[in-house]
Amino acid sequence: MLASQRLAFRIARREAMRHKGRSALSITLLGLPLLGVAIGAGFFDTTTLSPEESIEQHLGENEAYLEFASPGVPIQQGTWDSQWFSWSSDGSEGGRAVTDTEVLGELPAGSWMVPYSPHQGSGKEIDVETPNGIGQIRSFGYDLTDDAYDAAGLQYLEGSAPIRDEVVLSEDAAEHLGLGVGDDLVVDKSVGTEEYEVSGIVEFPWDINGRFAIGTMFPGQATGWMVDAPRELTDEEVLALNELGMAVWSKPHVTDPPPVADGITYESGVIDEWSLMFYGLIITVVLMEVILLAGPAFAISARRRTREFALMSANGATPAQIRAVVLAGGVLFGLIAAAIAAALGIGVIAAGRPLLEQMVGYRTPGVRVLPWIQALLVAVAVGTGLLSALAAAISASRVNVVAALTGRVPRHKGSKRWLVIGLVLVGLGLTSGFFGVTIWSLPLMSGAIVAAQLGLVACTPALLALAAKLGRWLPLAPRMALREAGRNRGSAAPAIAAVLGVVAGGMAFSLTFTADNVRNEAKSEHLLPQGAMTLSLSNQGDFDASGAQPPADWDSGLAEVEPLLQNHLADLTLTPVPLYSSSDECVADESAYTAEELETIYCNWDLARPESNTCPFWDEDHDTEAELEAAVEAARGDARCNEDPDSLWTGLDDVPVSVDPKVVQTYTGYSGDELDAAVAQLEAGGILVADRWAVTESGTALFEQQLWLPDAEEPELTRVELPATAVDEDLLGNAEVFFSPAAAQRLGLVEGDWERRFVVGTSTTVDDAVREAVSASLDQELVDGTVWPFFRVVDYRDQESFYVMLAVAALCAAIALGSTAVSTGLIIAEQRRDMTTLGAVGAAPGLRKRFAMWQTVVIALFGAGLGIGAGLLGYALIREALNRPLQRQYPFEVLYGWEVPWAVLVIMLVVVPVVAAAGALVFTRAKLPSERRLT
């Protein structure tokens, strides 16, 4: 037995060495998905810090980080493994100031605290001079002469610690500002500037991309304190700090939190059923991509070795021995592919580690590759190789010896059995998916993806035969390619399956990212239509001792900013949009109350629906999960239950107040008679509302004000009805209302002192370059630093998700191109005899190029078309997994929809076939084989 296996592996090795090119193509096709897994595993392991590594990176030799959660109020800390705390409090005690002495009293004797912020993006923004004008960086008021910061891991890349009026800069800030050691950092103040010499360039290992300056002259903006103690903190000490309202990140408690008090549970990292379903479906899609991509490597090459298998059989080899040889080739190629993929993956991670660190924003402990994943990779490679070679092994063991040796192997007609099997599998996949969604079963939903994709693969030969009949209307080269694909379906079908698997995965992920992008856009607060332009002037004046901010000189600010805009925008118009809010003055006679009582008095105006128009969901409590689900389901069928989470927000803040037709048109999207009617309503003292259910049958809207006075059991309620019209476009923001000046006066709304907004009109096409140029010109203070301008082009799109989607599509396209090229190369190698025949009948040398090109197009188009169908089914199930938890909430969340990723479709259906065809046209040799006897 062992001797037979050794012989099989020896033959497989020699065959691989004899046909190095073909073997390399097979190993490449098998190794492509393995390489992706190896790189992904290395990236994850290298960039993922354990809780112990994270606290070590942030605190170094120091013992703990403390942060006030609720000063003076005892808290129950829920998480101990990171600097991002969760906590709760019964709120039974009022807050109070906690002194440093009290905190130190709960720490070990000899402890020392320094201000610290272990959060990326923390610090106070300051204005500094840049090579292009004025910009912003963050600042920290640390005293770096304290050894605690060096012990925390602060590294000096250049220079030394600052003294007196010196500062240090992060590397990114120094590059952005064009400064080095010895240069002066110019800080732009509200009046004049100040210069500080740069003494060093520094880096925190957990924030290498941070753009900040550190110096004692900057105001303290630390989020908490870093503790340097003579020993580790005990359970009693951290719980005592919790009693003072402080959350604690302590080294010994990262993995061993203090004992749980009665009624307190620490947050668990156990994955919930919705996430399990989502990730389970994602893994299924990826595994199917790997399996389908690896199959053609053996199905095609085994056909090439038909004569070799016939010779083995003629010399006495049994069918079992021939199967063993083919399977040994699968194991051998799997091992080689796994070794190469692992080595390349580790090499890519090692070479790209600096780039990875820039991407994640912190230093990594070193190159790590998840060894158990790499070992699993080898096992998967061997298993995939065996499975991929299994069908080829069975086919090879049944070869007709005489026909193979004479070169007259018959072409088998396609069997209708496989078409029936394919259709049955597709049907089973759809049925399994339906029932899987109905009863919420991961095995059924995963089985749906597997069955549907395998069914499409089984249907591929029949589809190729059908497509071959279309060749009669095509020119010679595409006609030959289609007919060859239909005639030689045993080679073309596996190649198409490889492309199918890649495109199916790419489409499923792209549809998910596209839907998420649209969902985020729909969830954002729509104040103005997409593409609208606004100018905001914000009040930067200093607050006085009473907390009041003096009004800004808006006219002077506008006079300064208007010429700056005219330098970039032709035919400029600035239409003011007054923004009003509820008055803070709730009582007429404030002298009747003490200062403490005035702080408890609260009032605000809310838009209230008539009782007959309110959603029944709010009529009763839902104490059990079943009651909640029933109430949400009932709300889904009630047109009045159209609220979203933003509808829970109440109050009238920054609502637009105007009768200017241009402003009304901007906010409502109306024109013509609709715009005239809306303006007339406002001129008559009415309002516009986005919620049609807030308008009564008599054409009014009701506003209620609740006034809570000290020691009152019930609020004083004031109601005001205003003429109202519901608008079609939901562009009125969270307040969902547009006021006329008269209506605002009736509710006592007042114009805010902190901002003035203008709608910008121009004949200039504002693209990214113009927008950046305008923003750069406005990046300066106005009116002696008391006014700051901001130009905005309204864009609700989530560009990050869009770019992630394109990256996924590009990766899948690259793999699809690789699989198409390799599969086509194997097919062309098998068709050498056909090429010789073409040469014998006088075919032009360029025909082989065009033939190869069209063969590539056929494989790419068929694979992409079927892959898109499979990807749609995969996304349908992933979408259900994402939407199921959202559907059980009220107010309703925006659900994942069916949004077409047109860019991805173009890449898969156009770019991939065109690039693959161009590659085949360039790299295929034009010279046909010479005429000679092959038998």
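Helices (H or I, at least four residues) and strands (E, at least two) are taken here as DSSP runs, numbered from the N terminus. The model is predicted, so local features need pLDDT of at least 70 and side-chain atom pairs count only at pLDDT 80 or more, while totals for chains, interfaces and linings use all residues. Residues are numbered from 1 along each chain as its sequence is written, and side-chain values use heavy atoms, with hydrogens and water left out.

Take helix 23 to begin with. Leu675, Ala678, Val679, Gln681 and Leu682 are its buried residues (buried is under 20% relative accessible area, exposed over 50%, partly exposed in between, with a 1.4 Å probe and protein chains only). They cover an arc of only 155° around the axis, so they lie on the same side of helix 23; the arc is that of the directions from the helix axis to the C-beta atoms. Asp673, Asp676 and Glu683, on the other side, are exposed.

Now for strand 14, residues 533-539. Seven of its seven residues are buried, so the strand is largely enclosed by the rest of the structure. Strand 14 pairs with strand 25 (residues 787-793) in the antiparallel sense over seven bridges, pairing needing at least two DSSP bridges. Five bridges join it, also antiparallel, to strand 24 (residues 755-761). Leu535 stands opposite Phe791 in strand 25, and its bridge partner in strand 24 is Phe758.
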